[in-house]
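Thanks for coming. Please have the sequence and the coordinates open.

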Amino acid sequence: MFKTIILSFGLLSLMNCNAQKEPKTSTKANVEKTGDAKITNHKGDIIYFTEGENKFFKEAGMNLTFKGISEDSRCPKDVNCMWAGVAVAQIEVMGLATRPMTINLASTDNKSRNYSTTSEFNGYTISLADVAPYPEAAEGTKALKGKYKIGIIIKKAGENPTTK
């Protein structure tokens, strides 16, 4: 009986040591840091972000983080709506010598409702090109929370030919 108790304690000790070696998962927010991303000025070069993803653009000296979708009123698939709706992405931008600021980029331009698909930051134009997935009638937009993916285009802001 005494040998059985000693053997049981020994096995429990070994199992505890093995459990301590396994890596623990982080409890921090889902922010993924990637290496340097490239900006190109060719038409159609879309850079994709998932919610919480962070990318640094060395050429522009700026860091972008896709914080999430603050509004998604897009008309679900297979539903007839009076208005097509809009999705608004919140993107945190920060330059090397600037404080972070949040810009809102919408899936459609509507100046009367203060929606814009583009914004300028540190001499670059940031445009929202894509918001996925598209809402479905059965699930609605609440089911999409945390599953959004956006595509943006970053271009060097050009000079206005009418001013010098």
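Does Asp72 count as buried or exposed? At 14% relative accessibility, Asp72 counts as buried. Buried here means under 20% relative accessible area, exposed means over 50%, and partly exposed is in between, with a 1.4 Å probe and protein chains only.

Before going on, the conditions. This is a predicted model, in which local features need pLDDT of at least 70 and side-chain atom pairs count only at pLDDT 80 or more, while totals for chains, interfaces and linings use all residues. Residues are numbered from 1 along each chain as its sequence is written, and side-chain values use heavy atoms, with hydrogens and water left out.

Back to the pair. Asp72 forms a salt bridge with Arg74, with 2.8 Å between the closest N and O atoms. The criterion for a salt bridge is a side-chain nitrogen of Lys or Arg within 4 Å of a carboxyl oxygen of Asp or Glu. Arg74 is also buried, at 8% relative accessibility.

The whole structure has two salt bridges. The other joins the side chains of Glu92 and Lys67, at 4.0 Å from N to O. This pair links distant parts of the chain: Glu92 is in strand β5, residues 87–95, Lys67 is in strand β4, residues 62–72, and 25 residues separate them. Glu92 is partly exposed, with a relative accessible area of 25%, and Lys67 is partly exposed at 45%.

Now the overall layout. Of the 164 residues, 32% are buried. Among contacts with a separation of 6 or more, 43% are between residues 24 or more positions apart; contact means heavy atoms within 4.5 Å.

Areas come from the Shrake-Rupley method with a 1.4 Å probe, and for residues only the protein chains shown count as cover. Met1, Ile5 and Phe9 make a nonpolar patch of about 380 Å². Patches take residues with over 30% relative accessible area and no salt bridge, joining like charges within 9 Å and nonpolar side chains (Val, Leu, Ile, Met, Phe, Trp, Tyr) within 5 Å. Phe9 belongs to helix α1, residues 2–21, and is exposed at 55% relative accessible area.

Lys55 lies over the face of Phe49, 5.0 Å from the ring centre, and the charged end of Lys149 is over the ring of Tyr48, 5.2 Å from its centre. The rule is NZ of Lys or CZ of Arg within 6 Å of the ring centre and within 35 degrees of the ring normal.

Last, two single residues. Thr117 is in the loop between β6 (101–106) and β7 (118–121), and is buried at 15% relative accessible area. Beyond four places in sequence, its contacts include Leu105, Asp109 and Ile126.

Ala157 is in the segment after β9 (149–156) and is partly exposed at 26%. Its C-alpha is 9.0 Å from that of Phe121, 36 residues away in sequence. Leaving out neighbours within four places, Ala157 contacts Glu120, Gly123, Tyr124 and Thr125.

Definitions and conventions:
Helix = DSSP H or I, 4+ residues; strand = E, 2+ residues; numbered from the N terminus.
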